[in-house]
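Student: I would like to learn how to read the features of a structure like this one. Please take the terms one by one.

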Amino acid sequence: MSGPAGGSKQLPKLELTVEEIPYLRSVLSEELGYVESEQLEDEAELSSKRAVKDQLDNGYLQLTYHQGATLAQTIAEHIEYMEEEGDDQGWRAAQLEMWEKFEERLDAYVETLEKL
């Protein structure tokens, strides 16, 4: 016998730090602007990024597996971009470290979602 008919599991929460929220908002705004300006047809990716951005004010994210995987890909690309840009002033090192820690937590979160 399975769970209740039509019942959906409560998605786990990924808590966000005060430092992460503005950076996430910035990256997602940039991504959404790019995706919309390129008029890419991937509506699923677009709505996934919008859903994540809309949750930032909550201080946590409650994502589906697809949303989590899309965000993980976006963050991985952002980290790669930052590493390629280099760090002349030394200010990016702290930001990069924050992103890498977030990426680790996000990856663990996505693994949890995959098991649901």
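Tutor: Start with accessibility: a residue is buried under 20% relative accessible area, exposed over 50%, and partly exposed in between (1.4 Å probe, protein chains only). E77, at 39% relative accessibility, therefore counts as partly exposed. This is a predicted model, in which local features need pLDDT of at least 70 and side-chain atom pairs count only at pLDDT 80 or more, while totals for chains, interfaces and linings use all residues. Residues are numbered from 1 along each chain as its sequence is written, and side-chain values use heavy atoms, with hydrogens and water left out.

Student: How many residues does the protein have, and what percentage of them is buried?

Tutor: The protein has 116 residues, and buried residues make up 35% of them.

Student: How should I read the secondary structure, and in what order do the elements of the protein run?

Tutor: Helices (H or I, at least four residues) and strands (E, at least two) are DSSP runs, numbered from the N terminus. This protein has 4 helices and 2 strands. Read from the N terminus, the order is β-α-α-β-α-α. T70 is counted as buried because its relative accessibility is 13%. The C-alpha atom of T70 is separated by 7.1 Å from that of S48, although the two residues are 22 apart along the chain.

Student: Which residues gather in the patch of negative charge on the surface?

Tutor: The general idea is that patches are made of residues with over 30% relative accessible area and no salt bridge; like charges are joined within 9 Å, and nonpolar side chains (Val, Leu, Ile, Met, Phe, Trp, Tyr) within 5 Å. Accessible areas come from the Shrake-Rupley method with a 1.4 Å probe, and for residues only the protein chains shown count as cover. Lys and Arg count as positive and Asp and Glu as negative, with His and the chain ends not counted. A charge is placed at NZ of Lys, CZ of Arg, CG of Asp or CD of Glu. In this structure the negative patch gathers E77, E80, E83, E84, E85, E100, E104, D107, E111 and E114.

Student: Which helices each supply at least two residues of the negative patch?

Tutor: Helix 3 (65-85) and helix 4 (92-115) do. E111 is in helix 4 and is partly exposed, its relative accessible area being 46%. The C-alpha atoms of E111 and A69 are separated by 9.3 Å, with the residues 42 apart along the chain.

Student: How far apart are the closest N and O atoms of K49 and E31?

Tutor: They are 2.6 Å apart, in a salt bridge. This pair links distant parts of the chain, with K49 in helix 2 and E31 in helix 1, 18 residues apart. K49 is buried, with a relative accessible area of 3%.

Student: Where do K101 and E97 lie?

Tutor: Both are in helix 4, 4 residues apart, which means a separation of about one helical turn. E97 is partly exposed, with a relative accessible area of 42%.

Student: How are aromatic pairs read, and how many does the structure hold?

Tutor: Rings of Phe, Tyr and Trp (its six-membered ring) pair if their centres lie within 6.5 Å; planes under 30 degrees apart count as stacked, over 60 as edge-to-face and the rest as tilted. The structure holds 2 aromatic pairs. Y23 and W99 form an edge-to-face pair, 6.3 Å centre to centre with 65 degrees between the planes. Y23 lies in helix 1 and W99 in helix 4, so the pair ties together parts that are 76 residues apart in sequence. Y23 is partly exposed at 35% relative accessibility, and W99 is buried at 1%. The rings of W99 and F102 have centres 6.2 Å apart and planes at 80 degrees, so this pair is edge-to-face. Y23, W99 and F102 form one aromatic cluster.

Definitions and conventions:
A salt bridge is a side-chain nitrogen of Lys or Arg within 4 Å of a carboxyl oxygen of Asp or Glu.
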